[in-house]
Structure formats: C-alpha cells, structure tokens
Amino acid sequence: MKIFRFLIIPILVLFSNTSASHAEVFGIKLNNQSDTDTNTFVSPFKEDNERCFKCHGQSKYEYTNETLGRQVKELMYSERIVKRELYYNSNHKKFSCTDCHSAEYLKFPHAGELRMEQKYNCIDCHGGDEKFAQYHFEEIDAEYQKSIHFKLEGEGFSCWKCHDPHSYKISVRNQDNLKETIAYDNAICLNCHSNFDHFQLLTDKEEISLIQKHDWLPNQATHFKSVRCIECHTKINDSIKISHLILPKEEAVKRCNECHSQNSILMASLYKFESKAQRRDGFFNGIILNESYVIGANRNEYLNLLSLIIFVGVAGVIGIHILLRIREKNKTY
Ligand code: HEC
Ligand code: HEC
Ligand code: HEC
Ligand code: HEC
Ligand code: HEC
Ligand code: HEC
Ligand code: HEC
C-alpha cells in the first residue's frame, strides 16, 4: 500500500494540471460540506427567506415576463445559488437575507444599482463586541491587513472570500473530527488555489499547479490530509486560534523538521487547542498521536531509553568479545 502511494504521487504530478487531480491529492470534494446535514434549526425568517430561495435556492427559477405575458423558466448561475442546508447550518443562520442585502432585492428584475450595494464587513458587526471577545476579531483584522492577500482588496478580496457569507461555520474550535476540519479549512484555500475561475478574478497571474509547486513534499496526499495549508503559510500567533497572517511564499515552512521534531510547530498550530488529555505513555507530543504518527515529533522516551540500553549492551558485548579474543591470542603464543 505504501509503495503504491509512493508511485501514485509522481504519476499524479506528471499528469496533473486539472483541478480534478487536485481534488484527488487533496482528498476532498472542493465544496466539502455535506448537503445532507441533519439540521433541526428553524429560522424565524424561514418564510421571508423563501422569497429569495425560490429563485436562489436551486438551479431553476421562474418569473412572470410582463412583456410576453407568461411564466418564463431560466437557469440560475451556479455562483448565484445559495444552498438552504448550508445556510441554515452556518454561523449566520438566524439572519434574514434582507438583514445583509437591500430589501429592494424583493423586486425582480433586480435594480441595476443594487450591484453597487455596500456590503457589511465582519468588523462592522463584530468589532468591539464583548460577546465575541473570545474570537479576537480586531487582532484577526490587523493580521489580515498584513497578509499577502490584503493587497488584493482593490480587486475585491475581503474576509468574505474565505468566509462564505452563506455557508461559513466555525470548525476547528468545535471540532470532534480533526481530519474533517483539516479538509474544511483547506477547501477554503483551494476554492481559489485550485479553481482558476475564482483565482483569475483577483489577479493576472497564470494558473499555477499546487501539486507541482509542492512536489518537494513527499507523500503529498498524506500530508494534505494531515496538515492544513495555514500550518506552513502563516506566522504563528499565540493569542488567536487561527493565525490570519499569510506570508509571502518565500517565508513558507519548507524544512521537514519544523514538524518532524520534538518541538514541532504543529503543537502551536493544529494541535494548539486540543482539549484531549495529554497521553501518558511516554510519547512526546502525544496529542498528535490521536490523529497521526509524525516521524520525529512522536518519539517515545521509553523507546529512546530502550534503544540506548540496547546500544550500550551491544557495545559491551563487542568489547568483552574483543578482550577475550586478545586473551586467547596471547595464550596461543
Ligand atoms: C424571480 C427570481 C429572483 C428572486 C425572487 C430573487 N432573485 Fe436575486 N437574482 C436573480 C437573478 C436571475 C440574478 C442574476 C441576475 C442579476 O444580477 O440580476 C440575481 C442576482 C442577485 C444578486 C447578485 C447581484 C450582483 O451583484 O450580481 C443578489 C445579491 C441577489 N440576487 C439577492 C437576492 C435576494 C436577497 C433576494 C430576496 C430578497 C432575491 N435575490 C430574490 C433572481 C431572483
Ligand atoms: C451575513 C450577511 C449575509 C446574509 C445573511 C446573506 N448574505 Fe448574501 N451576500 C453577503 C455578502 C457579503 C455577499 C458578497 C460576497 C462576496 O463578495 O464574495 C453576498 C452575496 C450574495 C449573492 C451573490 C452571489 C454570491 O454568492 O456572491 C447572492 C445571490 C446572495 N448573496 C443571496 C443571499 C440570499 C438568498 C440570502 C438569504 C438566504 C443571503 N444572501 C443572506 C452577505 C449576506
Ligand atoms: C450584519 C452583521 C454581521 C456581519 C457582517 C458578520 N457577522 Fe458574524 N455574527 C453576527 C451575529 C449577530 C452573530 C450571532 C448569531 C447568533 O446568535 O446565532 C454572529 C455570529 C458569528 C460567529 C459565531 C459566534 C458564536 O459564538 O456562535 C462567527 C464565528 C462569526 N459570526 C464570524 C463572522 C465573520 C468571520 C464575518 C465576516 C466574514 C462575520 N461574522 C460577519 C453578525 C454579523
Ligand atoms: C485566506 C483566507 C482567510 C481570510 C482572508 C480570512 N479568514 Fe478567517 N479563517 C480562515 C480559516 C481557514 C479559518 C479556520 C476555520 C475553522 O476551522 O473554524 C478562519 C477562522 C476565523 C475565525 C474563527 C476563529 C476561532 O477562534 O474559531 C474568525 C472569527 C475569523 N476567521 C475572522 C476573520 C476576519 C474578521 C477576517 C477578515 C479581517 C478573516 N477571518 C479573513 C481563513 C481566512
Ligand atoms: C508542508 C508545508 C506546506 C503545506 C502543507 C502547504 N504549502 Fe504551499 N508552499 C509551501 C512552500 C515551502 C512553498 C514555496 C515553494 C517554493 O517556492 O519552492 C509553497 C508555495 C505555495 C504557493 C505559491 C506558489 C507560487 O509559486 O506562486 C501557493 C499559492 C501555496 N503554496 C498554496 C498552498 C495551499 C492552498 C495549501 C493547502 C492546500 C498549501 N500551500 C499547503 C509549503 C506548504
Ligand atoms: C478568493 C481567492 C483566494 C483564496 C480564498 C485564497 N487565496 Fe491565496 N492567493 C489568491 C490570489 C489571487 C493570489 C495571487 C496574488 C498575487 O497576484 O500576487 C494568492 C496568493 C497566495 C500565495 C502566494 C503568495 C506569494 O508570495 O506569491 C499564497 C502562499 C497563498 N495565496 C496562500 C493561501 C492560503 C494558505 C489560503 C487559505 C487560508 C488562500 N491563499 C486563500 C487568492 C486566494
Ligand atoms: C507542516 C508540518 C509538516 C512538514 C513541514 C513536513 N511534514 Fe511530513 N508529516 C507531517 C504529518 C502531520 C504527518 C503524519 C501523516 C499521518 O500519518 O497522518 C507526516 C508524515 C510524513 C511521512 C510518512 C507518510 C506516510 O505515508 O505515512 C513522511 C515520509 C514524511 N512526513 C516526510 C516529510 C519530509 C521529507 C518533509 C520535508 C520535505 C516533511 N515530511 C515535512 C507533517 C509535516
């Protein structure tokens, strides 16, 4: 199985340029949230929201064309579809569509100037609010302003590009399945970095292949399922859960022993807030072992001691053996 994986990666690198093979390496559907979450939440705005969902909730919508004097059926572009299941599972599920969007949207065709509608920012609602103090919005905002994406604000980048207004849901804070959280967080980045349609809206850069750019990393598929992009691409910050300072590529983590060592950076990032009790079976960074085995980071102190004893023992036996041989030699002469 291992050998098979070693073979499959170079093969993927050779034949990869499409996002389909990206999805294979990253091991996830790009929109990895399941649509079939069992959700018992009932919004006080359910009825109101249906006025929008009847057109934006699926790929088909209908309206009365006054000129033709009849019902017309059309396709809703996929980028304009808001999925009910995801929306009612998201952090902002209690909102009515028209809390964030103008009530003018009730009219169809939508008035042209609505396209210029100013959208709220996270900070507009969350800034300076005691209720959300634990999230440190101000500090996240400050970090974001130093991150490489901030210069793309003029092109339309904003917090919303990573936190989809209609589906974003905190994950790592509430995680009970770390692998799912890793896939969720990585899908946020892959939404642009393996989807050129989205990427090109913000930059004139050529399409890049993430698989090729990371070909120095062995077993890519395993790595991408076990660590998040932000482990290597952000500067660690002790006071917030998720560092938002994405560094230029030159400063990304490339040295294996940043993770594969006793003071692995993973303890300060991915495993930072694991509440599970530290394991007491002698492994360094034992928390990681609940999810992965990271060569170097998960050395066991008892095994270390044992190997030392074996080493000293073997050296001793060889030493005695040599002494005996010398004595034998002396005897025969
Ligand atoms: C009769 C169908 C219909 C209804 C009802 C409807 N929409 Fe739309 N909406 C559309 C179509 C079609 C588009 C894409 C064409 C356009 O931009 O006008 C669109 C586009 C939009 C856009 C994107 C505008 C842009 O910047 O490109 C927003 C935001 C939006 N609708 C919000 C809403 C909200 C909020 C509601 C409910 C209050 C709503 N819509 C109700 C059909 C509808
Ligand atoms: C918490 C605020 C918020 C709520 C609630 C909200 N939206 Fe949005 N919506 C936004 C923002 C912000 C954008 C622009 C996203 C961007 O710039 O990437 C947006 C964009 C859109 C678009 C344009 C396509 C897109 O996804 O970018 C449509 C259509 C839309 N919203 C429909 C709806 C409908 C329908 C609802 C209710 C079910 C709704 N919105 C509820 C904030 C909200
Ligand atoms: C229009 C105001 C508004 C905007 C804009 C807004 N939020 Fe919120 N947000 C709220 C409110 C109000 C709640 C609490 C909802 C509830 O009680 O269920 C909330 C809830 C949350 C929560 C869950 C908090 C908890 O403890 O359950 C998170 C996380 C969050 N928002 C993040 C964001 C992010 C990130 C952005 C920007 C991308 C954003 N919000 C934009 C008003 C807003
Ligand atoms: C480049 C992508 C990206 C951008 C831009 C971004 N975020 Fe995030 N953010 C993430 C990821 C990834 C997570 C982790 C999601 C999870 O697992 O809960 C996150 C988590 C969060 C959380 C939850 C942290 C916690 O303690 O649970 C908040 C709050 C937040 N972001 C606010 C913001 C605000 C405010 C902005 C804009 C100033 C912003 N984010 C911009 C990627 C981004
Ligand atoms: C193990 C650490 C690590 C992980 C995990 C990782 N990267 Fe990287 N990434 C790097 C390094 C190091 C570079 C710089 C490579 C070089 O310059 O040779 C890089 C380069 C990049 C670049 C710049 C490519 C270019 O040349 O323009 C992008 C974009 C990128 N990574 C995105 C991602 C995304 C998205 C993920 C998650 C799916 C991710 N990375 C996961 C370490 C990592
Ligand atoms: C909305 C789209 C979008 C999302 C989401 C996004 N990026 Fe980017 N990212 C870009 C674009 C566009 C560029 C190219 C910027 C430029 O023109 O230099 C970029 C550049 C980068 C670079 C290269 C910086 C350099 O030095 O050239 C890295 C690394 C990177 N992103 C990492 C991430 C990570 C990690 C995430 C998720 C936490 C993420 N991105 C999410 C659009 C996005
Ligand atoms: C961001 C942290 C990080 C970095 C940097 C990193 N690794 Fe890993 N590596 C991991 C984790 C986590 C695992 C455990 C995967 C699992 O078992 O879930 C792993 C597993 C491995 C494995 C075993 C794979 C398997 O299929 O079981 C090898 C081999 C490996 N890494 C080599 C390297 C090499 C060589 C480098 C440097 C070029 C490197 N790693 C850089 C985190 C990292």
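Student: What makes a residue part of the shell around ligand 2, and which are closest?
Tutor: A residue counts as near when its C-beta atom, placed from the backbone, lies within 6 Å of the molecule. For ligand 2, 19 residues surround it, with Cys-52, Phe-95, Cys-97, Cys-100 and Pro-165 the closest. This is a predicted model, where local features need pLDDT of at least 70 and side-chain atom pairs count only at pLDDT 80 or more, while totals for chains, interfaces and linings use all residues. Residues are numbered from 1 along each chain as its sequence is written, and chains are lettered from A and ligands numbered from 1 in the order in which they are written.

Student: Which helices supply at least two residues of that shell around ligand 2?
Tutor: Helix 3 (46-56), helix 5 (97-100) and helix 8 do. Helix 3 gives the most, with four residues. Helices here are DSSP runs (H or I, at least four residues), numbered from the N terminus.

Student: How does the shell around ligand 2 divide by class?
Tutor: Into nine nonpolar, five polar and five charged residues. Ala, Val, Leu, Ile, Met, Phe, Trp, Tyr, Cys and Pro count as nonpolar, Asp, Glu, Lys and Arg as charged, and the others, Gly among them, as polar.

Student: Why is His-166 called partly exposed?
Tutor: A residue is buried with 20 or more other C-beta atoms within 10 Å of its own, exposed with 12 or fewer, and partly exposed in between; C-beta atoms are placed from the backbone. His-166 has 19 C-beta neighbours inside 10 Å, so His-166 counts as partly exposed.

Student: Where is His-166, and what is it in contact with beyond four places in sequence?
Tutor: His-166 sits in the loop between helix 8 and helix 9. Its contacts (C-beta atoms, placed from the backbone, within 7 Å) are Val-82, Leu-86, Tyr-87 and Ser-90. Asn-89 is 77 residues away in sequence and 9.2 Å away in space, C-alpha to C-alpha.

Student: Which residues come nearest to ligand 4?
Tutor: Cys-159, Cys-162, Ser-171, Val-172 and Lys-241, out of 24 around ligand 4. Helix 7 (137-146), helix 8 and helix 9 each give two or more.

Student: What gives the most to the shell around ligand 6?
Tutor: Helix 9, with five residues. The shell has 12 nonpolar, six polar and three charged residues.

Student: What makes helix 14 hardly covered?
Tutor: Its count of buried residues is zero among 32.

Technical notes. Two residues are in contact if their C-beta atoms, placed from the backbone, lie within 7 Å.
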